[in-house]
Amino acid sequence: IGYEAAYDRLGRNMPSGRGIAFAHVEGGLGNYRPQLEGPAYDAVAFTLRSGESNPNGHATQTARIIYGSTGLAPGVEVVHCMTTADFLGKLVLTAGTTGPPAPADDSPFAPRVFTHSWIGEPGDVQAAMILRRVDHLIDTRDVIMVAGVNNGRDTPVPALLGSAYNAIAVGTTSGDSSGGVTSVDLPGRSKPDLVAPHGMTSFTTPVVSAAAALLLEQADRLVEQDHADANRAEVIKAALLSGATKPAGWQPLPDQPLDSHLGAGVVHVDRSLRILAAGPTKPGEEIKRLAGWSFPTVKKNGVVSYTLKLPVDTGPASFTLTWHRRIDGRVAIGNRKDTGEQVAVWLDGPRLADLDLRLVSLIDGQAIDLAQSTSRVDNVEHIYLPSLAKGKYRLEVLRDPDHETLGEDWQAALAWVIDKPTGKK
């Protein structure tokens, strides 16, 4: 997953997840905490948010991948452990109530990454209500939620939480995990988003969660350097997806941005860190580096473009656009029909802009469409080309007026990485 390459390149500057608090969600009441005693975990504070618990073997295995001196994010010092029921209910989402998800000032913790090595299949209506609360939380607080899909190539994409628009759904590099498209809260969206090397999604999920923590630490450094949008959830997701490498057999179906079982590919820490470290390119500017990102605002019927000049032929090129589904989030006051009592109701109406991604080749004053990603239902667009020829290009983010009528501006994250030809340093 490019961890060693990143460490060899960065040395003492390698991010470790320091300063990134986690929420580790799995298990049931009295049986949800990881057993992580010993010197390897002396620097990690595990807080049991769902009360006393016996050690849980599954939680122990997933936690070891992320935390402690031998984990992928050894700098993480704060972990809030909770049951899935408490995450869905009183601690975070307050699903099943008329109230909003727990606001930040009422919450006993402030995690930046939620790791979910579990699945759930409630009814479609209940699932949609939960997914909208998840998307609202990610959109308004810029947290990262990583959720596994199911094991088994013939299993459908689970409702919870892999079908959330704004979360990052994870499968396995072998492709032996859920694939196809979502079936709830608008069917047909491409999932998973990424894969990682392990036989079961329970353990690929914490790999991507740890990678997200490394990117967030690096993004926080960029924020300190006045790159204010570096740690936005959309930017982290776009950097992870664009940095992914393509395993054998990777190929999206027509009209889908991602492969049905492999998503954008295998998470790659070094490539994603290089994307972030390059710093932002402003809309309308020329792309100066082979890896980088931008966080444009796209107006109704608008187009945001970037120029790209390649002095030589290149290797593979990956471009990813991500943006959030927005949830109403207002609280309305209504009256109960039976008693007339006034009640506050949290409104979860969803809104989603329709953005497209297009790469245009500029030859002798003519613009020739080279590649495009134009899903009508996804909030991810992805272009991958095995090579790019020497020349001039224009990368465009478009908002399609034929498929949406929203008047509000929409922010999106664009990330890219272009490899040098094999054998070139």
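Predicted model: local features only at pLDDT ≥ 70, side-chain atom pairs only at ≥ 80, totals over all residues.

Let me begin with helix α5, which runs over residues 201-224 and so has 24 residues. From its first C-alpha to its last, α5 reaches 35 Å, close to the 34 Å expected at 1.5 Å a residue. Is this helix mostly covered or uncovered? It is mostly covered, as 20 of the 24 residues of α5 are buried. After α5 comes Asp226, which has a positive phi, near 75 degrees.

The crossing of α2 past α5 is right-handed. On the α2 side, the contact is made by His58, Gln61, Thr62, Ile65 and Ile66. On the α5 side, Ser202, Phe203, Pro206, Val207, Ser209 and Ala210 take part. Sorted by class, this contact of α2 with α5 has 6 nonpolar and 5 polar residues, and no charged ones.

I turn now to Thr281, which is placed in the loop between α7 (269-277) and β8 (286-287). Why does Thr281 count as buried? Its relative accessible area is 11%, and the cut-off for buried is under 20%. Which residues does Thr281 touch, leaving aside its neighbours within four places in sequence? They are Glu286, Trp293, Ser294, Tyr306 and Trp416.

Two of these names lead us into the sheet. Glu286 stands opposite Thr307 in β11, and Tyr306 belongs to the covered face of β11.

The sheet itself is open and mixed in its pairing, with 5 strands in the order β8-β11-β20-β17-β18. β8 and β18 (366-373) stand at the edges; each has a single partner strand, so one side of each is left without a neighbour in the sheet.

The partner of β8 is β11, residues 303-310, and they pair in the parallel sense over 2 bridges. Besides the pair of Glu286 and Thr307, Ile287 has Leu308 in β11 as its bridge partner.

The covered face of β11 consists of Val304, Tyr306, Leu308 and Leu310, while Val303, Ser305, Thr307 and Lys309 form the uncovered one. β11 also pairs with β20, residues 391-399, in the antiparallel sense over 8 bridges. Within that pairing, Ser305 stands opposite Glu396 of β20.

Thank you for your attention.

Methods. Residues numbered from 1 in each chain as written. Heavy atoms only, no water. Helix = DSSP H or I, 4+ residues; strand = E, 2+ residues; numbered from the N terminus. Expected span 1.5 Å × (residues − 1). Buried < 20%, exposed > 50% of the residue type's maximum accessible area, 1.4 Å probe, protein only. Left-handed = near helix turned anticlockwise from the far one by under 90°. Contact = heavy atoms within 4.5 Å. Nonpolar A, V, L, I, M, F, W, Y, C, P; charged D, E, K, R; others polar. Pairing = 2+ DSSP bridges.
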